[in-house]
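Please read the points below with the structure open beside you, and follow each one on the model as you go. They concern a pair of packed helices and then the nonpolar cores.

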Amino acid sequence: MKIDVAIIGGGPAGLTAGIFVCRAGRQAVLFEELALGGQVSISHEIANYPGFNSISGMELADKMREQAEISGLQIKYAKIIELKKKGKSFILKTNKDEYEADFVIIATGAKAKRLGLTDEEKFIGRGVSYCASCDGNFFKNKTVSVVGGGDSAVEYAEYLSKLAKKVYLINRSEKFKEGKIKINKLKEIKNIEILENAKVEGLIGNEVLEKIKINANGKITTKKMDGVFVAIGHVPDLSFVKFDLSIDKLGYVVVDKDMKTSMKHLYACGDIVSKDFRQVITACSDGAIAGNSTIGGK
């Protein structure tokens, strides 16, 4: 099957790209392996997306899907296992079918690394979060913990200290990737407590998270906890791309202001691209730019 614009990934970036392509009268097909919405669909509540004081991630994703389909976007639930170059076109392969496209937009996002604990998925949006700026506001005057020892974990802890009553920063080792000046500043914040050589070994609760089990220096304790923010990194997935592509040291796709990659007529948008700030609104912005760039054939 021949496609004008193929979009890989059905999160906010991919859906927005599809809306812009289709409203310009171009044909676009979006491929999504699982469910539309990406990471946003697992957010219990979103309160920083313009136009909605509060909306569930699933509801927002469904509204995006509805608008995209009304615009003319075709959606296929299939996993792209190979993306190859053939002359001026791209070949996309699923487990069953093969497609040829003139333009491709990669919007597969990046998944937050999980702790790998029992019931972790159960408590997502019910006490477990992977984004402090997205969900921090729901934990005002509550007790939360941040798990991680990198830059993001330190930033999460500092950010949450302005909202929460108490913040525990739980680091597996004694060392932080962030500089000493930043760590020393963190230690001066009165409502932050740093637990070194510690890890979360259990999540406890019924409908929502109530307690966590912590192993610190071999001693296991249970603490009452309203929220756990996991900041142990993200994993971009480009394993399906079968040609050289410019990526940064963390594996994210390098793009220019038009969302162009190092390959002609190949674009990337959303959390898969190399950038500092990842939110639903920035993913939509990226998608709009990528979709518009294919219209002009930039």
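1. The crossing of α1 and α2 is left-handed, in what is a predicted model. Helix α1 covers residues 12–23 and helix α2 covers residues 57–71, and the two pack with their axes 8 Å apart at an angle of about 25 degrees. Angles under 35 degrees count as roughly parallel, and α1 and α2 are therefore described as roughly parallel to each other.

2. Which residues of α1 meet α2? On the α1 side they are Pro12, Leu15, Ile19, Cys22 and Arg23, while α2 brings Ala61, Met64, Arg65, Gln67, Ala68 and Ser71 to the contact. Sorted by kind, the residues of this contact of α1 with α2 comprise 7 nonpolar, 2 polar and 2 charged.

3. In soluble globular proteins, nonpolar side chains tend to be buried together. Here the largest nonpolar core has 31 residues, and those with the most contacts inside it are Ile7, Leu60, Leu73, Ile105 and Val280. Two or more residues of this core come from each of β1 (2–8), α1, β2 (28–32), α2, β6 (98–106) and α6 (280–296), and α1 gives the most, with 6 residues.

4. Ile105 deserves a look of its own: leaving aside residues up to four places away in sequence, Ile105 touches Val5, Ala6, Ile7, Ile8, Ala17, Tyr267, Cys269, Ala290, Gly291 and Thr294. There is also a second, separate core, made up of 24 residues, with Phe90, Tyr99, Leu245 and Ala268 among them.

Methods
Residues are numbered from 1 along each chain as its sequence is written. This is a predicted model: local features need pLDDT of at least 70, side-chain atom pairs count only at pLDDT 80 or more; totals for chains, interfaces and linings use all residues. Side-chain values use heavy atoms; hydrogens and water are left out. Axes are lines fitted to C-alpha atoms, for helices over the stretch in contact, and angles run from 0 to 180 degrees between N-to-C directions. Helices (H or I, at least four residues) and strands (E, at least two) are DSSP runs, numbered from the N terminus. Angles under 35 degrees count as roughly parallel, over 145 as roughly antiparallel, 65 to 115 as roughly perpendicular and the rest as oblique. A crossing is left-handed if the near helix is turned anticlockwise from the far one by less than a right angle, and right-handed if clockwise. Contact means heavy atoms within 4.5 Å. Ala, Val, Leu, Ile, Met, Phe, Trp, Tyr, Cys and Pro count as nonpolar, Asp, Glu, Lys and Arg as charged, and the others, Gly among them, as polar. A nonpolar core is a set of buried Ala, Val, Leu, Ile, Met, Phe, Trp, Tyr and Cys residues joined through side-chain atoms within 4.5 Å. Buried means under 20% relative accessible area, exposed over 50%, partly exposed in between (1.4 Å probe, protein chains only).
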